[in-house]
Amino acid sequence: MSLRNTARAFPTLLRIGFVDAVAYRAEMFIWVLATTMPLVMLALWSTVAREAPIGRYGEAQFTAYFLATFVVRQLTGSWVFYDMNFAVRNGTLAMRLLRPVHPLWAYGAEALAAMPMRFAVSLPIAVVAMAVVGAHGMTHDPVLWGVWVASVIGSWLITLLVNLMIGCASFYIESSLKLMDAWLVFFFILSGYIIPIDLFPPTLRALVEWLPFRFQIGFPVEVMTGAHGRGAALALLGGQWLWVAAGFGATALMWRGGLRRFAAYGG
Amino acid sequence: MPGASTPWRYARLLRTQVRASLLQGLQYRVDFMLDGLTGLFWTTSAILPLVVVFRSRPTIAGWSFGEALMVTGWFTFLEGVLEGAVNPSLSEVVEHIRKGTFDFVLLKPADAQFLVSTARLQPWRATNVVTAGAIFAWAFHLLGRSPTVGPLAAAAVAMTAAVAVLYSLKTLAVSAAFFVVRVDNLAHLFDAVFDAARWPASIFRGTVRFIFTFVIPLALMTTYPARALLGTLPLGTLALAVAGAAGSLAVSRAVWTAAIARYTSAGG
């Protein structure tokens with residue numbers, strides 16, 4: 001499982017992942033449509049803002065915020081934990097282990113390869129939405145857009161690593177799917193997905209800014225909607241990538257420990 | 001066969017099915033703990049935005065915090081019904097159709113729709129009912145009053161209508177499984193739309209509000225029972241809701257019957 005082997009196999013893995021995503025495009029489209037939560041939240045917040053702005057948010061700001069949320073969630077979402085849990089349960093992970101490529105890299109490649117399709121499916125929706133509400137809620141600074149790209153990659157990586165960790169957790173416990181349920185709840189509440197972070201009560205906010213959830217959704221969305229200056233955005237980006245690094249370390253540890261416990265049943 | 005059956009026989013059948021589900025549920029106690037805990041957090045995620053919003057002002061779209069909590073309470077209740085009773089049974093139908101084992105259901109000497117609807121209950125989801133009760137208690141406390149018999153009865157009627165509509169919509173979604181195989185996504189889509197039922201219907205505007213009142217009647221599902229409990233739902237509206245529920249049950253039954261008539265096994 002040398003790095004050279006992985007590098008050589010990577011283009012092929014990407015191609016396989018891409019073909020897979022294309023094959024299930026209708027399914028993917030329905031998944032996009034099923035991401036209604038930002039819109040449900042938008043309905044509440046824009047009604048609130050119509051009566052009077054709340055914090056720095058008027059109706060237009062809320063619209064921009066939740067459309068950005070929709071886009072970031074589409075680009076960074078991952079459900080690898082499900083495949084991995086399944087592979088551990090029914091023993092097919094053994095087959096992945098036989099390949100000369102590290103299974104975690106293979107899962108990463110599959111997730112990465114679905115990106116063009118995700119773009120293709122969610123971008124039209126985003127463009128239409130932006131055209132309807134106007135682009136004025138968005139930042140115009142090219143440097144910030146650069147930061148945004150880096151932040152989306154960071155957020156994608158955090159989400160992927162959490163998925164892989166929960167996948168690895170199925171080596172240790174039976175209910176790792178429930179673990180994802182629990183993570184998702186915190187993710188919903190604390191990431192800025194349903195409430196912008198700066199509307200949190202101050203004490204809770206201080207805590208939320210240190211947790212990884214915020215870097216999954218809130219941070220890229222804030223950069224996109226111009227909530228931060230360049231300096232602040234870069235500092236936050238540093239914080240985000242610290243979480244990415246921690247995630248890499250923790251995933252590697254969990255994988256190594258878990259693999260020792262793995263015994264392929266059937267297969 | 002179904003035509004010759006008595007209500008008594010079906011009541012006994014129901015009891016047997018519920019007992020089987022209960023016994024199955026009792027095997028997974030850890031799941032129960034985890035599910036209950038996660039459910040509690042999900043409820044928090046429905047309430048927290050309201051807390052944040054009502055910190056800055058007393059009413060939104062004509063609803064005070066206590067009143068909006070009533071809607072959240074019914075939302076929590078219905079979510080329990082949806083995930084505890086409706087979703088598991090109906091996704092089993094999809095599985096039966098895919099594998100061709102639906103034959104065995106059709107062969108049993110009882111109504112197929114009744115059988116599949118009661119086959120798989122998740123008793124642990126009853127925790128949602130408890131949570132909903134706590135939310136109602138909190139809401140009544142905030143409003144500084146206590147529930148009276150009239151509104152309670154009206155709310156019970158409105159909730160029955162809501163459950164009927166929910167069940168009919170799900171049955172329609174599953175009937176689609178006889179025509180196209182992959183409907184689990186459709187069911188998922190429905191759940192995603194149902195998330196919007198957590199707010200009072202007057203939060204929504206224009207087309208969206210029209211859709212949520214008439215096409216996918218989310219207003220009927222949570223806002224009407226909440227208003228009934230508050231004593232502000234006109235009797236006429238309640239009667240319309242009941243008529244609508246009866247209508248949707250009839251339609252879904254007709255579609256279901258037409259759908260199973262088309263069923264042509266799949267090996268198995």
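This is a predicted model: local features need pLDDT of at least 70, side-chain atom pairs count only at pLDDT 80 or more; totals for chains, interfaces and linings use all residues.
**Two chains and their interface**

Good morning. Buried residues make up 36% of the 268 residues in chain B.

In secondary structure, chain B comprises eleven helices and two strands. Where along the chain do the strands of chain B fall?

On overall dimensions, the C-alpha trace of chain B spans about 60 × 40 × 35 Å along its principal axes. Its radius of gyration is 20 Å, which agrees with the value near 18 Å that a compact globule of 268 residues would have. As for contacts in chain B with a separation of 6 or more, 81% of them are accounted for by residues 24 or more positions apart.

Let me now turn to chain A. How many helices and strands does chain A have? There are 14 helices and zero strands, and from the N terminus the elements accordingly read α-α-α-α-α-α-α-α-α-α-α-α-α-α. The radius of gyration of chain A is 19 Å, close to the 18 Å given by the globule rule for 267 residues, so chain A is as compact as a globular protein of that length.

The C-alpha atoms of chain A fill a box of roughly 60 × 40 × 30 Å, again taken along the principal axes. Of its 267 residues, 39% count as buried. Taking contacts in chain A between residues at least 6 apart in sequence, 81% join residues at least 24 apart.

I come finally to the interface. In the model, 27 residues of chain B are in contact with 24 residues of chain A. Which elements of chain B give two or more residues to the side that touches chain A? They are α2, residues 29-56, and α8, residues 184-194. The largest share of that side comes from α2(B), with 13 residues.

A remark on how interfaces are described: their size is often given as the accessible area lost when the parts come together. What I have presented today is instead the residues in contact, 27 of chain B and 24 of chain A.

To close, I would draw your attention on the structure to α2(B), the source of 13 residues on the side of chain B that touches chain A. Thank you.

Terms used: Residues are numbered from 1 along each chain as its sequence is written. Chains are lettered from A and ligands numbered from 1 in the order in which they are written. Helices (H or I, at least four residues) and strands (E, at least two) are DSSP runs, numbered from the N terminus. The radius of gyration is taken over C-alpha atoms; the globule rule is 2.2 Å times the number of residues to the power 0.38. A residue is buried if 20 or more other C-beta atoms lie within 10 Å of its own, exposed if 12 or fewer, and partly exposed in between; C-beta atoms are placed from the backbone. Two residues are in contact if their C-beta atoms, placed from the backbone, lie within 7 Å.
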